[in-house]
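Hello,

Here is the model for you to look over. My notes follow below it.

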Amino acid sequence: MAFMDTYAPPRHCPLPAIGGILLRSLADEREVALEPQGEWERLLTAANAGDGAAFARFLMQITPVIRGIIRARAVTMGPDEHEDILQEVLLAVHLKRGTWQGDRPVRPWLYAVARHKIVDAFRRRGSAVHVPIETFAETLPEDRSDEPMAARDAAAMLSQIDERSAQIVRAIAIEGENAETAGERVGISAGAARVTMHRAMKRLSSLAERMTK
Amino acid sequence: MSHRQTTEDLIASLAAMPAPPRLRMSRIALQIVGLVAIGIFALLFTTGLRPDLAEALTTPITLAKTAIPLSLAAIALPAAMLTARPDAHPPLWLLALPIAVAVALYLATMAGTPVSMIPQRIIGVSIATCLTSITALSLTPIIVGTALMRRGATTRPTLTGALIGLASGAGAAAGYALHCLDDNPLFFVTWYGIGIAIATAVGAILGRHWLRW
């Protein structure tokens, strides 16, 4: 047998013991769970095999748990933000559920996904944390008016866009005029005024996002 | 705020979506290995193996020129694949072993070389070819490999990218060593090392940008 003659075992197989460790780490082809450890494992296994109802049940069961983790970690954020993050986590659980190995417990995988999305949510929201106003209800003075502050903010932001757009926004959004009069004032049609208004609001909201970051 | 999707709605719509395919890390690993191999074959086909290859590989030092990068790649690739699972912990310390061997070899050679000869030995004769080849050979596997890893769920995008870069660069270096004639460790540890480091950095940058989720 010719190949027997030419074949020689590799003289220097580098670090043979390590090969075993690494090969085991690559053995990811098992199709079915060897022994599902519990309810969540059973549900997610069924879900990944295409059972939508099982996935819905899985998500419903993990929701309170994830919500609890978020509440504990994101104490400086409000309930609305908690719910936003929760939804981001649930979406990630769906998108990445193919990375769960059927023969491993679900929990470490799930918590790693949740932790990643929570950290990510913190990073993207930056330091702009929401503290519910109710917390300060006792200590805050009577609501005189928000206007000085709002007017200053609006003026600061309007100064960042071009003059004509700023005029339109001032006329329509602050003074409450309709598009026809506002357009007339700067010499454009009502339609053009609406378009200008729409574009300006888009720019303003992205400005606002940057300012609050 | 008014058009907020409730979490119940989200769960219902996620459950109605088809399950994403199971992540197969070994398939991604195989594609990276394939791309490195194609590049090496192309290089060796056009420029040729070193004429004394069979003889050279019997010298431990020359063998090390291929074996060290090869073991580095053999550790980095499965480790990179493992990071695609949020709950996995790749044995990164293993990478220290081939690096330690390389450093030991480097220092031992340096100790046995007259000081005045060291710069000349490091510079060798083929820096440009060596660096260009290793970097060029590793580029395609890095780009394709990192793009494929988007299917995974790494919680450490930069690390995953760096490991793919390391695996590709080290694999390319191991192949290039079959062509390269400069057998002095002062030369090959320096320049292979720099080539592999460039590949690792490229992978880290790509990973940082592409592997976020």
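**The interface between chains A and B**

The contact (heavy atoms within 4.5 Å) takes 47 residues from chain A and 44 residues from chain B. K96(A), T99(A) and H116(A) supply 14% of the area that chain A buries against chain B, more than any other three residues. Buried area here is the accessible area (1.4 Å probe) that two parts lose on being put together, summed over both. Between chain A and chain B that comes to about 3900 Å². Carbon and sulfur atoms give 63% of it.

A word on provenance. This is a predicted model, so local features need pLDDT of at least 70 and side-chain atom pairs count only at pLDDT 80 or more, while totals for chains, interfaces and linings use all residues. Residues are numbered from 1 along each chain as its sequence is written, chains are lettered from A and ligands numbered from 1 in the order in which they are written, and side-chain values use heavy atoms, with hydrogens and water left out.

Salt bridges across the interface: 0. The rule asks for a side-chain nitrogen of Lys or Arg within 4 Å of a carboxyl oxygen of Asp or Glu.

Which elements of chain A give two or more residues to the side that touches chain B? They are α2 (16-26), α3 (39-48), α4 (52-73), α5 (79-95) and α6 (106-125) of chain A. Helices are DSSP runs of H or I, at least four residues, and strands are runs of E, at least two, numbered from the N terminus. The largest share, 10 residues, comes from α5(A). By class, this side of chain A has 21 nonpolar, 12 polar and 14 charged residues. Nonpolar covers Ala, Val, Leu, Ile, Met, Phe, Trp, Tyr, Cys and Pro; charged covers Asp, Glu, Lys and Arg; the others, Gly among them, are polar.

**Chain B and the cores**

Chain B has 9 helices and 0 strands. Of its 213 residues, 53% are buried (under 20% relative accessible area, 1.4 Å probe, protein chains only).

The largest nonpolar core holds 49 residues. Such a core is a set of buried Ala, Val, Leu, Ile, Met, Phe, Trp, Tyr and Cys residues joined through side-chain atoms within 4.5 Å. M81(B) and Y192(B) touch the most other members. Its largest share, 10 residues, comes from α4(B).

Leaving aside residues up to four places away in sequence, Y192(B) touches K65(B), C130(B), I134(B), A173(B), Y176(B), A177(B) and C180(B). Another core, of 34 residues, lies apart from the largest one, and its members include L43(A), V89(A), L110(A) and W213(B).

Best wishes

Key:
Buried < 20%, exposed > 50% of the residue type's maximum accessible area, 1.4 Å probe, protein only.
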